[in-house]
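Try each task by yourself before you read on.

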Amino acid sequence: MDLLRFITAGSVDDGKSTLIGRLLYDSKSILTDQLEAIERASKSRNDGSIDLALLTDGLRSEREQGITIDVAYRYFQTPKRKFIIVDAPGHIQYTRNMVTGASNCQLAIVLVDARLGVVEQTRRHSLIASLLGIPHLVVAINKMDLVGYSQDVYSDICIHYADLAKKLNAHQVTYIPMSALNGDNVVDRSTSMPWYEGPTLLDHLETVAIDDEADGEPRDHHPARFPVQYVIRPQTAELHDYRGYAGKITSGIFRKGDAITVLPSGATSTIDAIEVAEKHLDEAVTPQSVVLHLATDIDISRGDLIVRSERLPVTSQTVEAMLCWMDTKELKAGSKYMLQVGTFRTRCSVREIAYQLNIETYEQIEGVDNLKLNDMAKVVLRTAQPISFDPYPKNRTTGGAILIDETSNVTVGALMLMGEV
Amino acid sequence: MDYLDQLESESIHIMREVAGQFERPALLFSGGKDSITLVHLALKAFRPGKLPFPLVHIDTGHNFQEVLDFRDKLAAQIGEKLIVRHVEDTIREKNLKEPTGRNATRNGLQTFTLLDAIEEWEFDACIGGARRDEEKARAKERVFSVRNEFGSWDPKRQRPELWNLYNGRIHKGENVRVFPISNWTELDVWNYIRREKIDLPSIYFAHERELLIRDGKLMATAGGVIKQESDDQVVRRHVRFRTVGDISCTAASESQAATLDSVIAEIQATRISERGETRMDDQLSEAAMEDRKKGGYF
């Protein structure tokens, strides 16, 4: 069985929690005591109805305010597939939390209120999904019950959204009309919308092809990447010469005998053995965690990147990136941070803010000197040592990086590395 | 790739990040199925080398004997260091007041012993077996959860955690709780135990024992941990434990499931969650777990 991670962003008003509640409830993933607990809590809030949002809002302050603040993870499975729901807040002041949640997802559900159509929030959520390189988008046109299940309303929204999708270069967009409240087209097919012939949401989630890379290339053709996490050296009498490089394959496939290059040093060798839990394999693919052995003794430690030599990544000290700023302290052009890409860390300075991106109008604003919490911008970075990466639109795992404030130690920025300048 | 392979690989990656980013990590081992799974994953991550961390057990003095025996056997078998610290010692040394009354547990006192152990050994990272599907506050916690010197979790100041990049940088005195099986569900753990043929303490499988019925739950009389009251009904039943915590707060489930296959079949069929069925400590209030985590609990 395989695994799909998908994100839904929104607040209670958008029907996000009702949608998740409906998915869990209709797929029989809510257990009796959990349901009883939210029934109890719903009663203590004096409004009688069962509030499915209480299932997802886990923190006291979230329940008190009736909003989602942080990302929560929910798990369910059907006979066909296992799912991780990344349940993210929708408000603009929690954009960084949505970015965090979106980084690992293969599919995003963008909720559209059928009464309102495409609004600012739709544009914002779609942009984040697209910037973070999520390959599949589902436009969930919700609350169809409140527009008389009208096909015209649905078609208008599809036409309107297609415009947006074109601007964002989004390829795989699926439109589903639904009423999460009544359960139309979430798990069970709606009888109120006979004009809709597409899949229900769960049908789609169960059958959509999972490919981690946005460019849709077969996995065998992806560049092979392996950031070294840890060197295993038992140094015992019988394993005196054992030296294994432990890590996780973040892209492509490695085979015994492959010619490899180590970055940033540029040293070359060949793969002598691939081990998983002390068993030898002829090949290993992403996302396996393995141990590599090389034919020659070269100096390799944590932070180095082992790649197959026929397709080298970009290695540079001056790079362009899209940045989502995540700290309450402002970013000023020229400031210095620690950059982490894969297992490699180096200091960097934000040399230039090329433009700030308005995440609702998509307008590029030039002449900006500082960024506030949740701002998105195209920046130019200068790093102390060269960094190796693949452009983010080609590879989300090896093209993503974070910025760490060295004084507070907090993660302050998410970077989608685009290329060399 | 099968989902169990994906989960396994993610957990191994997280353990190796701990080894790569911290000076003095530890693996908190309770003897329950989740921490036994962690040990299994750690062996996969680091063998044929030694584990880069010791196993640490905070013993409340209210553990099942079967679990303690299993703990010692496992540590000896894999030849790794086991550190045990006792809540009873903390109570004596720090002159702590032990909760009394009908359903008293040492659950809260455990935190003191844990924080003392962290200080004594200067642990900068503690690996634990918590899962996000267990409880709604846990569903919100990061894989790398930074705690201050009092061990407190601040849900409003969690670090963004993107892609597979973990930021373990901390100031002196702070430490990080790391949860490699965050994304596993109860059923995933059981399926993995079956696939990998991992040994478990015998109390996970159906057996006959003496119990008392309290508030509708079956509680073990073992070790005299639960003070019997005159109106308590003492019975002998065929039971197994779905989770393994302190005797004082872990209820048994009536069961005939004596093999892994039959235990898994029962768990698949159940309509009650793991902690809901067996844990008295989570049912104190709606935010019981969130409050304990803010106080330094795991």
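## Exercise 1: The fold of chain A

Residues 24 or more positions apart make up 70% of the contacts in chain A with a separation of 6 or more, a contact being two residues whose C-beta atoms, placed from the backbone, lie within 7 Å. A word on conventions: this is a predicted model, in which local features need pLDDT of at least 70 and side-chain atom pairs count only at pLDDT 80 or more, while totals for chains, interfaces and linings use all residues. Residues are numbered from 1 along each chain as its sequence is written, and chains are lettered from A and ligands numbered from 1 in the order in which they are written.

**Task.** Compare the radius of gyration of chain A with that of a compact globule.

**Solution.** 
1. For 421 residues the rule gives a value near 22 Å, and the 24 Å of chain A agrees with it.
2. The C-alpha trace of chain A spans about 70 × 55 × 40 Å along its principal axes.
3. Of its 421 residues, 49% count as buried, meaning that 20 or more other C-beta atoms lie within 10 Å of a residue's own.

## Exercise 2: The sheet of chain B

**Task.** Find the order of the six strands in the open sheet of chain B.

**Solution.** 
1. Strands are DSSP runs of E with at least two residues, and helices are runs of H or I with at least four, numbered from the N terminus.
2. Two strands pair if DSSP finds at least two bridges between them.
3. The order in chain B is β3-β2-β1-β4-β6-β5, with mixed pairing.
4. β3 and β5 (144-147) of chain B are the edge strands, each pairing on one side only.
5. β4(B) and β6(B) run parallel and are joined by three bridges; Ala125(B) stands opposite Val176(B) in β6(B).

## Exercise 3: Helix α5 of chain B

**Task.** Which strands does α5(B) touch as it packs on the sheet?

**Solution.** 
1. α5(B) covers residues 107-121 and reaches 22 Å from its first C-alpha to its last, close to the 21 Å expected at 1.5 Å a residue (1.5 Å times one less than the number of residues).
2. Its buried residues include Leu109(B), Leu114(B) and Ile118(B).
3. Among the elements covering the buried residues of α5(B) is α4 (87-93) of chain B.
4. The strands touched by α5(B) are β1, β2, β3, β4 and β6 of chain B.
5. Just after α5(B), Glu122(B) takes a positive phi of about 55°.

Terms used
Buried ≥ 20, exposed ≤ 12 C-beta atoms within 10 Å, placed from the backbone. Axes fitted to C-alpha atoms, helices over the stretch in contact; angles between N-to-C directions. Rg over C-alpha atoms; globule rule 2.2 N^0.38 Å.
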